Amino acid sequence: MTGPAASGSAVVAAVDPALALRVTEALALAGEAPSAAAVTRALRQEGVVLGGARVLALVAAVRAELTGFGPLEPLLSDPETSDVLVNGPDQVWLDRGHGLERADVGFRDETAVRRLAQRLAASAGRRLDVARPTVDARLAGGVRLHVVLPPVAPEGTLLSLRVVRRRTFTLAELVDRGTVAPGLAHVLDAVVRARISFLVTGGTGTGKTTLLATLLSRVPAAERVVLVEDSGELAPVHPHVVRLEARLSNAEGAGTVDLRMLVREALRMRPDRIVVGEVRGAEVVELLAALNTGHDGGCGTVHASTAAALPARLEALALAAGLPRPALHSQLAAGLQVVVHLERRGGAGRVVREIGCVDRGADGLAQVVSALRVDADGRLVEGPAAGTLAELLG
């Protein structure tokens, strides 16, 4: 490995794991913070003398174990890291924007993985045990935590950490990174400024949230943007952003506040733009209703394999929420105008592959028709709905 993650890993690896464990347990029992003085006292009790550099390395290792991410700390400190995945004590993977790669860190055993997972869950106010073997939560600092315990995960604790970087890219930066083709940047900007309703689609890890935050940063400063999210990931650079976040039930099963409820609340908050960070449930009903009642410029993200697959994806969500198929397609065709689709390229980079327009097909159902598509060589190719997009943009 290279870069910050590699240097950080070397520091942790230089510490005797058995000694670090004994010092960690001593400080935990004493209820002491992992300061240099406390670690030095613990070393004195162990009868161990270390040089200044090794003491500092031990302090870092103990602090990571007690209050941070343990052996994963150096990986998460790397500004390029987006995901850290633990499949077992000696199976740690990370994604730094170029696909998954094996990390050179590990845990002592399965118990250490489970202990870290339970401590992180507890810090988010979540219970994690045999009775509740899964947790999905946001940690302080914006890291998204997902854990599955045995026996649901038969081979051992599975720990997934997604790093939410609060820095928002400009359109020009996304062009430089190859995410947005140069010819598409002004089209995307025009979609936002024309108050066109749109959804960003794509698979997991394609950069939907990143692109949406960038586009929301282009919303005129005089407009009020209300964000509705499961966990706060969007960070648009905008002077008037109001956030609403969902809440799971407590240990007694009470206190749930879901996205569907929050979208209804957002409608009462005088929004200029209603944004649903990720549409994945019954909230699709309220969002489509909002888009059909004069709330122009609404937007969000949806998991979909292609732009053309969006109506089928929303149909499944709406039917589960009790909205009949004809009603869903009627509201979709009338309220949603544009779909922006992202894909991963062969080299694991993200790219805006297509912009489509929503229209009614010959069967009366909503469909997404390609307006602009980026081919394998990076060239823009006009589709059947290119004229429709041009009319929307005026």
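**Figure 1. Surroundings of Thr 206 in the predicted model.** Thr 206 touches Leu 342, Glu 343, Arg 344 and Arg 350, leaving aside residues up to four places away in sequence. The model shown here and in the following views is predicted. Thr 206 belongs to the loop that runs between strand S7 (198-202) and helix H9 (208-216). With a relative accessibility of 5%, Thr 206 counts as buried, because the limit for a buried residue is under 20%. The side chain of Thr 206 also reaches the backbone oxygen of Gly 203, at 2.7 Å.

**Figure 2. Surroundings of His 238.** His 238 is located in the loop between strand S8 (225-229) and strand S9 (241-245). Its relative accessibility is 12%, and His 238 therefore counts as buried. Not counting residues up to four places away in sequence, His 238 touches Leu 216, Val 219, Pro 220, Ala 221, Glu 223 and Val 225. For Val 219, the backbone oxygen lies 3.3 Å from a polar atom of the His 238 side chain.

**Figure 3. Packing of helix H10 against helix H11.** Helix H10 comprises residues 259-267 and helix H11 residues 283-291; their axes come within 7 Å and cross at roughly 20 degrees. Because angles under 35 degrees count as roughly parallel, H10 and H11 are described as roughly parallel to each other. The crossing of these two helices, H10 and H11, is left-handed. On the H10 side, the residues in contact are Leu 259, Arg 260, Val 263, Arg 264 and Leu 267, and these meet Glu 283, Val 285, Glu 286, Leu 287 and Ala 290 of H11. Sorted by type, the residues of the contact between H10 and H11 are six nonpolar, four charged and no polar.

**Figure 4. Buried residues of helix H13.** In helix H13 (residues 325-335), the buried residues are Leu 328, His 329, Leu 332, Ala 333 and Gly 335. In an α-helix there are 3.6 residues a turn, so residues three or four places apart point the same way.

Figure 5. Most residues other than glycine have a negative phi, and most peptide bonds are trans. The peptide bond from Pro 150 to Pro 151 is cis, with omega near 5 degrees; Pro 151 is placed in the loop between strand S5 (144-148) and strand S6 (158-162). Arg 195, a residue other than glycine, has a positive phi, near 60 degrees. This arginine, Arg 195, is in the loop between helix H8 (182-193) and S7, and counts as partly exposed at 25% relative accessibility. Phi of Arg 270 is likewise positive, near 55 degrees. Arg 270 is part of the loop between H10 and strand S10 (273-276) and is exposed, with a relative accessible area of 57%.

**Figure 6. Position of Arg 132.** Arg 132 lies in the loop that joins helix H6 (110-123) and strand S4 (134-138). With a relative accessible area of 33%, Arg 132 is partly exposed. Arg 132 and Val 148 are 16 residues apart along the chain, and 9.2 Å separates their C-alpha atoms.

Methods
Residues are numbered from 1 along each chain as its sequence is written. This is a predicted model: local features need pLDDT of at least 70, side-chain atom pairs count only at pLDDT 80 or more; totals for chains, interfaces and linings use all residues. Side-chain values use heavy atoms; hydrogens and water are left out. Axes are lines fitted to C-alpha atoms, for helices over the stretch in contact, and angles run from 0 to 180 degrees between N-to-C directions. Helices (H or I, at least four residues) and strands (E, at least two) are DSSP runs, numbered from the N terminus. Angles under 35 degrees count as roughly parallel, over 145 as roughly antiparallel, 65 to 115 as roughly perpendicular and the rest as oblique. A crossing is left-handed if the near helix is turned anticlockwise from the far one by less than a right angle, and right-handed if clockwise. Contact means heavy atoms within 4.5 Å. Ala, Val, Leu, Ile, Met, Phe, Trp, Tyr, Cys and Pro count as nonpolar, Asp, Glu, Lys and Arg as charged, and the others, Gly among them, as polar. Buried means under 20% relative accessible area, exposed over 50%, partly exposed in between (1.4 Å probe, protein chains only). A polar contact is a pair of N or O atoms within 3.5 Å; within protein, one must be able to donate a hydrogen and the other to accept it, and residues adjacent in sequence count only if both atoms are side-chain atoms.
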